[in-house]
Amino acid sequence: ILEIDPGDGALMADLAFYCAMDEDWDKALQYAYQFLSIKGRESADRLRVALLAPEILNTAGRKEKARDELESYRRNVKEPWYRLIADCLLDPRKETSLLQKAGESPECMLSGYAALGFWAEGAGEKKRAIEHYREALGSYMDDMIEFEFALNRIKRLRQASQ
């Protein structure tokens with residue numbers, strides 16, 4: 001499909017998530033950066049993919065670059081919810097504030113807990129990651145890519161533990 005329409009941003013965004021689900025970190029980053037290189041406004045896809053990139057780097061063991069990109073994300077993003085997620089990932093003491101606000105809407109619950117889960121996974125905290133992913137699934141927002149991501153990551157983490 002990308003060969004037919006190489007500018008299909010929504011497809012690139014989804015591919016970044018699907019490659020991350022499969023733990024193909026390099027390919028996931030390639031799609032994320034390709035998507036982010038397309039000029040555009042601060043949309044839902046742009047916010048979630050720009051947050052996904054440092055999370056992938058963190059999980060792939062590139063901690064310093066992950067932190068640098070996350071700090072840049074926090075400085076540049078205008079959307080308060082996604083800025084709060086970045087703040088929390090950079091400073092875990094802010095997690096309580098994030099979790100309180102996450103309960104205000106299913107979309108926030110999904111995006112917040114999925115981000116916390118992936119960041120915990122990158123820190124090697126598998127049990128904590130699974131707990132966050134489970135909370136993300138409690139949003140029942142099964143039409144969003146983060147829902148499928150959280151479900152897939154739980155399966156992968158459980159398989160790796162067996």
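These notebook entries record what I looked up in the structure above.

**Basis.** I am working from a predicted model, in which local features need pLDDT of at least 70 and side-chain atom pairs count only at pLDDT 80 or more, whereas totals for chains, interfaces and linings use all residues. Residues are numbered from 1 along each chain as its sequence is written, and side-chain values use heavy atoms, with hydrogens and water left out.

**Fold.** I looked up the secondary structure and found nine helices and zero strands in the protein, taking helices as DSSP runs of H or I of at least four residues and strands as runs of E of at least two, numbered from the N terminus. The radius of gyration, taken over C-alpha atoms, is 15 Å, close to the 15 Å of the globule rule (2.2 Å times the number of residues to the power 0.38) for 162 residues, so the protein is as compact as a globular protein of that length. Along its principal axes the C-alpha trace spans about 40 × 40 × 35 Å.

**Burial.** Of the 162 residues, 49% are buried, where buried means under 20% relative accessible area, exposed over 50% and partly exposed in between, with a 1.4 Å probe and protein chains only.

**Backbone.** E23 has a phi near 60° and is found in the loop between α1 (9–21) and α2 (25–36); at 36% relative accessibility, E23 counts as partly exposed. Y140, also not a glycine, has a positive phi of about 60° and is found in the loop between α8 (126–137) and α9 (145–161), where Y140 is exposed, with a relative accessible area of 70%.
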